[in-house]
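The following note sets out points for a first reading of the model shown below. Please keep the structure in view while working through them.

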Amino acid sequence: MYHRIKQIALTSALLASVVAICLAAGEPGFIDVLDTPAKKSSLVAKAHFNGIAVAGKRLVSVGQRGYIVYSDDQGATWVQASVPVSADLTAVSFPTPGKGWAVGHDGVVLNSTDGGATWSRQLDGHSLAKIIADYYGAHPSAGPDAARLQDELQQYVDKGPDKPLLDVWFENETNGYIVGAFNLIFRTVDGGKSWEPLLDRTDNPKRFHLYGIRPVGTDLYLCGEQGLALKLDRQTGRFRALTVPYNGTLFGITGKPGALIAHGLRGNVFRSADAGTTWKKVETGIPVGIICGTVMDDGRIVLVNQAGNLLVSADNGESFSQAKVEQPFSATSVAPLGDQTVMLAGPRGMRKQTLKQ
Amino acid sequence: MAVRNDKIEDMPVVKDLKDFDQKSGNWLERLVFNSRKMVMIVCALVTLGLAWQATKLVFNASFEKMIPQSHPYIKNYLANKNELRGLGNSLRVVVENTKGDIFDPEYLEALKQINDELFLTPGVDRAWVKSLWTPAVRWTEVTEEGFQGGPVMGDDYDGSPKSMAQLKLNIARSGITGSLVANDFKSSMISVPLMETDPATGIRLDYSVLAKTLEKNIRSKQNDKIRIHIIGFAKLVGDLIDGLMQVITYFGAAALIAVIVIYLYTRCLRSTALVVLCSIIAVVWQLGIVATLGFELDPYSILVPFLVFAIGVSHGVQKMNGIMQDVGRGTHKLVAARYTFRRLFLAGMTALLADAVGFAVLMMIDIPVIRDLALTASIGVAVLIFTNLLLLPVFLSFTGVSLKAAKLTIQEENKENKGFGVGTIWVLLSRFAERRWATAAVTFSVLLAIIGFVISLNLKIGDLDPGAPELRRNSRYNKDNAYITKNYALSSDLFAIILRTPAEGCYKYQSLIEADRLASELQQVPGVQTTISLVNAVKQVTAGTYEGNPKWFTLSRNQDVLNYGGQQASVNNSDLFNGDSTVMPIIAYLSDHKAETLDRVVKVSEEFIKQHSTEDRKFMLAAGSAGIEAATNIVVKEANRTMMLYVYAAVIVLCFVTFRSWRAVVVAVLPLIVTSILCEALMVILGIGVKVATLPVIALGVGIGVDYALYLLSVQLAKQRQGETLVDAYRHAIQFTGKVVGLVGVTLAGGVVTWVFSPIKFQADMGILLTFMFIWNMVGALVLIPALSHFLLNTVKQPQHVPEHFHINAGSDAPTVDCRTCGN
């Protein structure tokens with residue numbers, strides 16, 4: 001189905017983009033979500049949330065309409081942060097207790113230096129497009145399929161800020177990556193002051209959406225649509241394709257050294273013991289999409305599916321069993337709280353769940 | 001004052017017709033009585049004609065007539081009504097398994113039969129019927145190859161445990177739990193959209209017929225295992241019309257009460273029959289004229305015949321009072337009839353016209369049913385002038401009255417005047433004109449008024465009960481509604497904001513973003529359970545398109561994605577926007593329809609509209625049951641205030657014209673105010689809010705209630721002006737009018753008290769409140785008028801002259817009577 005969308009999107013790109021830009025710019029009485037700060041909401045903790053991260057002792061979660069909330073009491077109460085945009089946010093990363101980044105639709109990148117209480121904009125779709133145009137204007141021959149890339153780059157500029165960023169990961173307070181739809185990927189080494197596009201450094205010829213970027217052990221992995229899985233080759237600086245025996249979407253990557261886990265549609269889970277060279281399917285028994293996963297402090301691997309089932313592995317991902325939950329809670333993102341509990345963020349807000357076997 | 005010759009004895013006793021001057025009396029009297037037979041024939045013909053017309057009366061319960069047509073919200077609603085399919089007209093039929101859950105072959109078979117029966121019911125929009133048995137209800141799943149799906153009820157369903165397991169799985173992946181399948185899996189729903197007009201014939205859907213068909217064909221399938229719950233606008237209207245039919249039968253009870261009251265009063269079968277006959281003729285005429293003018297009978301105007309009948313009876317009985325006394329003294333029946341006519345025609349007419357003031361005030365309320373009520377009631381009052389003021393005396397001139405009863409009347413009156421029998425009551429009441437009793441009565445009333453006022457501060461606007469407020473809480477409809485509300489996700493109180501755009505504008509990025517912003521504001525209002533609009537559907541389709549990834553649950557800035565979302569949404573749900581994508585509702589589901597809840601939603605919406613509505617993206621209030629109720633509440637609240645003001649203004653003017661004394665006006669009006677306050681307190685205690693149905697109560701209660709004061713005070717003042725002390729004057733006044741006051745109170749209350757048993761809640765409310773107003777105004781007048789007079793009217797100056805307009809029948813040789821003393 002997304003083929004169709006993509007086809008429509010690409011073929012009618014020029015016409016649509018002109019129209020879109022005119023509309024977005026000239027619509028009277030309409031204030032763009034990028035120009036509208038997130039509204040305070042009394043129901044904010046029950047809104048649709050997509051990302052959650054641990055910032056020291058604090059939990060920070062990001063979601064729709066620019067909502068960012070944080071909790072200093074393990075999720076008992078949530079405070080709404082002040083955010084300069086009201087675009088839907090998709091992911092958040094805190095490399096240190098103080099500094100964090102959040103990304104979302106319309107190419108939004110937000111930065112906080114006070115543990116998530118206040119946020120400022122580092123990028124949006126407009127500046128993102130400009131970075132791409134400037135960079136590839138200055139480096140015209142970067143990458144093997146440069147000619148085709150050049151065509152597509154123009155579209156990024158033309159279409160305005162319509163592409164979402166879907167994941168963010170910061171290694172420390174200076175180095176980080178953001179990834180998104182249609183093979184969008186950028187890197188910063190100065191805490192987001194400047195960004196370098198890596199669109200030409202992925203083995204992703206069909207420009208599949210990039211859904212996740214995560215380190216496991218010392219390696220950095222990317223995953224996305226149609227079984228796409230990539231691993232950073234530190235010598236060449238390219239993300240090299242891995243062969244996962246699956247053509248459905250992989251929503252995310254998690255795991256620990258020797259136990260690399262990729263999870264996706266309809267309960268599909270794949271495991272690699274050799275850092276991505278070979279993969280084996282792990283049966284979960286529940287044909288529901290698994291959007292997120294994490295590793296507990298005691299080393300157990302936890303996956304959460306869209307039905308709210310918690311799948312727990314105590315054997316490094318060789319097998320998963322379902323933890324008993326009183327009320328299943330569909331999750332898009334999960335953060336570990338010690339050994340026994342996880343904090344979930346999903347379409348109905350936040351919920352703490354305990355891992356009972 | 002004007003009552004100079006108020007005693008029957010002042011008219012000469014004429015035993016033989018030969019001694020009577022046929023040329024006496026005014027022109028109207030001569031015209032009517034000198035061609036009595038002609039009058040009878042004409043009346044008979046008119047009655048037949050109008051009775052024939054009355055048979056053609058149509059019953060209706062149109063909701064559009066119950067809403068304030070010119071309120072901006074309603075104008076917006078009516079202008080966009082045809083585009084708002086989702087808010088209109090559908091039935092929800094829930095089939096419950098009382099002995100298990102829906103995964104039961106027997107249950108599913110029963111459901112199938114009901115589904116098929118509904119499918120074939122005329123008026124049903126078959127293409128959009130949804131249930132477990134319709135193939136359009138599908139499950140979908142995102143797979144590696146794209147969307148996969150199928151009907152929830154598989155083609156290979158055979159009732160086996162295997163296919164039952166398959167059904168269970170399909171229901172889980174289709175996400176219909178809470179909408180088509182109950183949260184407890186003990187029932188499932190058949191959603192049945194209706195067509196307003198038959199596309200083949202162009203004939204409008206008859207709700208009453210449909211409701212009957214549903215009872216006959218669907219409800220009849222109920223047994224000890226299968227229970228059926230039906231709700232929806234069409235069913236409600238059908239139930240209301242059924243209720244109307246039932247209320248009509250109460251007319252018999254009202255007539256019976258009248259017969260008993262009149263007979264107890266006159267002890268004469270002949271007069272009883274005559275009074276009832278004339279009042280029924282009045283009702284026939286009223287209904288005939290109403291039908292000829294093209295009005296329909298609705299749950300409000302159905303009450304007019306009751307009022308007309310009651311007012312007719314109270315006038316008729318007054319006629320009887322006079323004629324009995326004449327006949328009792330030996331006057332010939334024709335002469336007695338003419339005397340009665342002389343005494344009472346103008347008086348009665350003035351009284352009837354005064355009643356019309358109450359109705360006229362109602363005309364100012366911008367709600368069609370109330371206007372119709374006011375208009376048809378005015379017609380009824382006009383008719384009474386002919387039937388009970390002209391026709392009744394003519395009838396009497398032929399039939400006369402029972403001589404025995406007439407003589408009894410004279411005896412009783414003598415007894416009363418000596419303070420025996422009913423007279424003891426008059427003696428008792430006249431003590432209220434003395435200091436001790438007056439102080440006690442006034443103090444008690446003030447206390448009562450204060451307590452009443454404190455209670456009445458809690459008076460609410462609008463309907464307070466859950467479910468369909470038109471019907472009783474324990475009606476089958478409301479029980480069905482309660483069951484469905486409890487077991488399914490969405491409430492039946494919908495508040496919709498309408499978004500209007502140029503063609504193809506609904507699923508534009510900006511429109512959807514603004515709609516989403518509005519939804520977000522509404523969701524935060526206490527009492528809003530959730531909101532639904534095209535936004536939800538487009539976000540859902542978008543996420544579905546991207547493998548169900550919740551991160552794609554968004555309004556994409558890419559218009560192609562939105563267009564696709566809109567198209568897909570319209571395939572599954574035609575209600576979210578109209579055909580050319582110019583109108584879409586943003587629907588808030590409310591936990592109740594209390595006025596505070598509606599006020600909060602209106603406030604937030606208005607604020608949003610002020611900031612976000614533009615020419616090309618126009619947000620408008622309101623649609624949905626709760627939206628319409630919000631507008632009605634606003635109008636009713638306003639109307640309640642203005643109407644009180646106008647009614648009291650009219651009453652005060654009327655009193656002043658009659659009494660020419662501000663003090664007397666205060667004495668007459670204060671008891672009414674106390675009653676009005678107590679009526680509001682009663683509403684609080686009974687849980688009745690101020691609503692369309694209670695507006696006429698105040699107008700009628702005060703408008704008709706003032707009559708009591710007019711009867712009593714005008715006689716009392718006249719006597720005082722003749723030099724009598726207050727106590728004597730009041731005793732005379734009450735001896736002369738007390739019976740009439742009591743009788744009017746009882747007959748009016750008897751006319752409306754039967755409504756209390758109506759299955760239509762608001763009619764019952766009106767019945768309770770009007771009965772209270774009529775009775776309590778009577779009591780208030782009898783007790784408070786002497787008491788207040790003690791303080792305000794203890795000394796009355798004798799007038800220099802009698803005001804011109806009180807000379808009734810001036811110039812004729814008949815005695816002059818104050819119009820207010822004998823009329824109703």
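Which residues touch the most other members of the largest nonpolar core? This is a predicted model, in which local features need pLDDT of at least 70, side-chain atom pairs count only at pLDDT 80 or more, and totals for chains, interfaces and linings use all residues. Residues are numbered from 1 along each chain as its sequence is written, while chains are lettered from A and ligands numbered from 1 in the order in which they are written.

1. The core. The largest nonpolar core has 364 residues, and those touching the most other members are A:Ala102, B:Val93, B:Leu534, B:Ala622 and B:Leu712. A nonpolar core is a set of buried Ala, Val, Leu, Ile, Met, Phe, Trp, Tyr and Cys residues joined through C-beta atoms within 7 Å. A residue is buried if 20 or more other C-beta atoms lie within 10 Å of its own, exposed if 12 or fewer, and partly exposed in between, with C-beta atoms placed from the backbone.

2. Leaving aside residues up to four places away in sequence, B:Leu712 touches B:Ala733, B:Ile734, B:Thr737, B:Val741, B:Ala781 and B:Ile785. Two residues are in contact if their C-beta atoms, placed from the backbone, lie within 7 Å. Helices (H or I, at least four residues) and strands (E, at least two) are DSSP runs, numbered from the N terminus.

3. Backbone angles to check. Most residues other than glycine have a negative phi, and most peptide bonds are trans. A:Arg65, however, has a positive phi near 55°; A:Arg65 sits in the loop between β2 (58-63) and β3 (68-71) of chain A. A:Arg65 counts as buried because 23 C-beta neighbours lie inside 10 Å. B:Ser581 also has a positive phi, near 60°, and is placed in the loop between α18 (559-572) and β8 (583-590) of chain B. B:Ser581 is buried because 21 other C-beta atoms are within 10 Å.

4. Chain A as a whole. Chain A contains four helices and 27 strands, and 52% of its 357 residues count as buried. Among contacts in chain A with a separation of 6 or more, 49% join residues 24 or more positions apart.

5. An open sheet in chain A. Which strands stand at the edges of this sheet? Its four strands follow the order β5-β6-β7-β8 (chain A), with antiparallel pairing; two strands pair if DSSP finds at least two bridges between them. The edges are β5 (89-93) and β8 (120-123) of chain A; each has a single partner strand, so one side of each is left without a neighbour in the sheet. Four bridges link β5(A) to the antiparallel strand β6 (residues 100-104) of chain A, and A:Ala91 is opposite A:Val103 in β6(A).

6. A hairpin in chain A. Strands β25 (residues 333-337) and β26 (residues 341-346) of chain A run antiparallel and are joined by five bridges. A:Pro336 has A:Val342 in β26(A) as its bridge partner. Three residues separate β25(A) from β26(A) in this hairpin, and A:Gly338 in the turn has a positive phi of about 75°.

7. The contact between chains. How many residues of chain A are in contact with chain B? There are 41, and they meet 27 residues of chain B. The elements giving two or more residues to this side of chain A are α1 (2-11) and α2 (13-26) of chain A.
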